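Please look through the sequence and the structure shown here.

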Amino acid sequence: ATGSAPAVPIDERFDIAYVTPVTIGTPPQTLMLDFDTGSSDLWVFSSHMPPFQVRGQEIYTPDESSTARLLEGHTWSIMYGDGSASRGNVYVDTFAVGGLTVLNQAVQTAQQVSASFTSATNIDGLVGLGFSTLNTVRPESQLTFFDNAKASLDNPVFTADLKYMAAGTYDFGFIDRAKYTGEITYVPIDPDPGYWIFTSSGYAVGASSNFSATPIIGIADTGTSLVYLPTAVLTAYYRQVQGATNSRSYGGYVFPCDSALPSFTFGVGEERFTIPASYIRYAPVTEGSATCFGGLQSSSELGINIWGDVALKAAFVVFDSRSPPRIGWAKK
Ligand SMILES: C[C@H]1CC[C@H](NC(=O)Cn2ccnc2)CC1
């Protein structure tokens, strides 16, 4: 089996996040979910939430699905790196995305979500694509939809083709030769932490002329908007940007929106990927401001570097869960 589904930016102006249509239950209930390689819970806005926490999102109502079964005594609770959180109980039901159907998928129904999820009116929940070891359901942890689908996929892979201010694609079970150019460069993944962690071979400010061959260990995270890198890398980059400062009040590097920005190049093995300046001029700090927030930010408080959407949309990325797992990067 294979599947293919669109990854649609939730906002016309900035690629804050991408959502993908899925159906859950019988008859099918359609929700738009954020496919997140940085976590491993499949959770949805649901009929079990207080109405004031729902602000336009689609909800899953298990009582209206003839195939929904409560997973007795099971609960979940998750907090993300940005401080957002959600928790609730668990059903199993039929889950379908892009022509792929998984029977008896654990669907985590929210009973409570934090304010930032309520405010994200175009995100109806998340689909974790990390390793199932990270799943928060207790007393028995549950499998991701990809792990449930894996055995029936033509190949145990999924790919991300995210795009700048346009709809991209998630493919499951196959690698679409039409979505990339040249060859795919694969590097090993350490699955133990549960993230898609790999080592980048280095970086350059601007094109790859002055490349610094220094290992950068980080996660490929479709659920994170920006790129978070070590301070040394950040200062080297923003040193080239007129008026750039690391603003405590705005919580990161900002610069005048009309400043000239260099591109940013990162290495995967011998291959080099360049993030265009336009992706790094991420967004005005507030609507209409002449001060812009950078797409490259510091990972110093995180303990891990993160290759979020700003980097992922500069490439075609293969998440290969053969044994041992690996990640592949190609130009497009
Ligand atoms: C400082 C960074 C801030 C952004 C963090 N990313 C996430 O929290 C990803 N995510 C998933 C669901 N909602 C958000 C990573 C750390």
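Which residue in β19 does G267 stand opposite? The model is a predicted one, and in it G267 faces R272 of β19.

Strand β18 covers residues 264–268 and pairs with β19 in the antiparallel sense, over five bridges. Strands of a sheet pair through backbone hydrogen bonds, and the pairing may be parallel or antiparallel. Here three strands form an open sheet in the order β13-β18-β19, and the pairing is antiparallel. The edges are formed by β13 (202–205) and β19 (271–275), each of which pairs on one side only. From one strand to the next, the twist averages 25°.

Helix α3, made of residues 231–238, lies across β13 and β18. Relative to β13, helix α3 runs at about 20°.

On the side-chain side, T224 places a polar atom 2.9 Å from a ligand nitrogen. Backbone atoms also take part: a polar backbone atom of G81 is 3.2 Å from a ligand oxygen, and a backbone N or O atom of G223 lies 3.4 Å from a nitrogen atom of the ligand. The ligand taken alone exposes 410 Å², and the protein buries 82% of that area.

Technical notes. Residues numbered from 1 in each chain as written. Predicted model: local features only at pLDDT ≥ 70, side-chain atom pairs only at ≥ 80, totals over all residues. Heavy atoms only, no water. Polar contact = N/O pair within 3.5 Å; in protein donor to acceptor, adjacent residues only side chain to side chain. Areas by Shrake-Rupley, 256 points an atom, 1.4 Å probe, with all protein chains shown as cover. Pairing = 2+ DSSP bridges. Helix = DSSP H or I, 4+ residues; strand = E, 2+ residues; numbered from the N terminus. Axes fitted to C-alpha atoms, helices over the stretch in contact; angles between N-to-C directions. Contact = heavy atoms within 4.5 Å.
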